[in-house]
Amino acid sequence: MAVQIVMDTTGDSRHEFDPADPVAVAKAERRFKQLTRDGFTAAVRTGNGRAQLMRNFDAATEETVFFPRLQGG
């Protein structure tokens, strides 16, 4: 099971999907594109507290974290 974790002002929401299910993958890809279009940064953990930015959806990624754009003041 893969998961997309969306961070926001209320905490986070988790959206699990089965990478073997074409309908679930399509929905996850739409969510990825919408969130990144809305200014979220997508990242995947690479180990030991490190992360790598994701510019394109990859259904094989086990965990994608979406961070909102920082607001300055």
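The model described here is predicted. Its salt bridges number 3 in a search of the whole structure.

**Helix H1**

- The buried residues of H1 are Ala 24, Val 25, Ala 28, Arg 31, Phe 32 and Leu 35. Because they cover an arc of only 120° around the axis, they lie on the same side of H1.
- An α-helix has 3.6 residues a turn, so residues three or four places apart point the same way.
- Pro 22, Val 23, Arg 30 and Arg 37 are exposed residues on the face of H1 turned away from its buried side.
- At the N-terminal end, H1 is capped by Asp 21, which has a side-chain oxygen 3.0 Å from the backbone nitrogen of Val 23.
- Gly 39 follows H1 and has a positive phi, near 105°.

- Side chains of opposite charge can pair when their charged atoms come close.
- Glu 29 and Lys 33 form a salt bridge through their side chains, at 3.6 Å from N to O. This distance counts because the cut-off for a salt bridge is 4 Å.
- Glu 29 and Lys 33 are 4 residues apart in H1 (residues 22-37), and therefore about one helical turn separates them.
- Both partners are partly exposed: Glu 29 has a relative accessibility of 29%, and Lys 33 has a relative accessible area of 44%.

- Arg 45 pairs with Glu 63 in a salt bridge whose closest N and O atoms are 2.7 Å apart. The pair links distant parts of the chain, with Arg 45 in strand S3 (residues 41-47) and Glu 63 in strand S5 (residues 63-67), 18 residues apart.
- Arg 45 is exposed at 58% relative accessibility, while Glu 63 is partly exposed with a relative accessible area of 23%.

**Salt bridge of Asp 12 and Arg 14**

- A salt bridge joins Asp 12 to Arg 14, and the closest N and O atoms are 3.5 Å apart.
- Arg 14 has a relative accessible area of 54% and is exposed. Asp 12, at 41% relative accessibility, is partly exposed.
- The two residues fall into separate classes because exposed means over 50% relative accessible area.

**Loop residues**

- Asn 48 lies in the loop between S3 and strand S4 (50-54). The phi of Asn 48 is near 50°, a positive value in a residue other than glycine.
- Asn 48 counts as exposed, at 82% relative accessibility.
- Ala 60 is placed in the loop between S4 and S5. Ala 60 is also exposed, with 63% relative accessibility.
- The C-alpha atoms of Ala 60 and Asp 18 are separated by 9.8 Å, although the two residues are 42 residues apart along the chain.

Key: Residues numbered from 1 in each chain as written. Predicted model: local features only at pLDDT ≥ 70, side-chain atom pairs only at ≥ 80, totals over all residues. Heavy atoms only, no water. Buried < 20%, exposed > 50% of the residue type's maximum accessible area, 1.4 Å probe, protein only. Helix = DSSP H or I, 4+ residues; strand = E, 2+ residues; numbered from the N terminus. Arc of directions from axis to C-beta. Polar contact = N/O pair within 3.5 Å; in protein donor to acceptor, adjacent residues only side chain to side chain.
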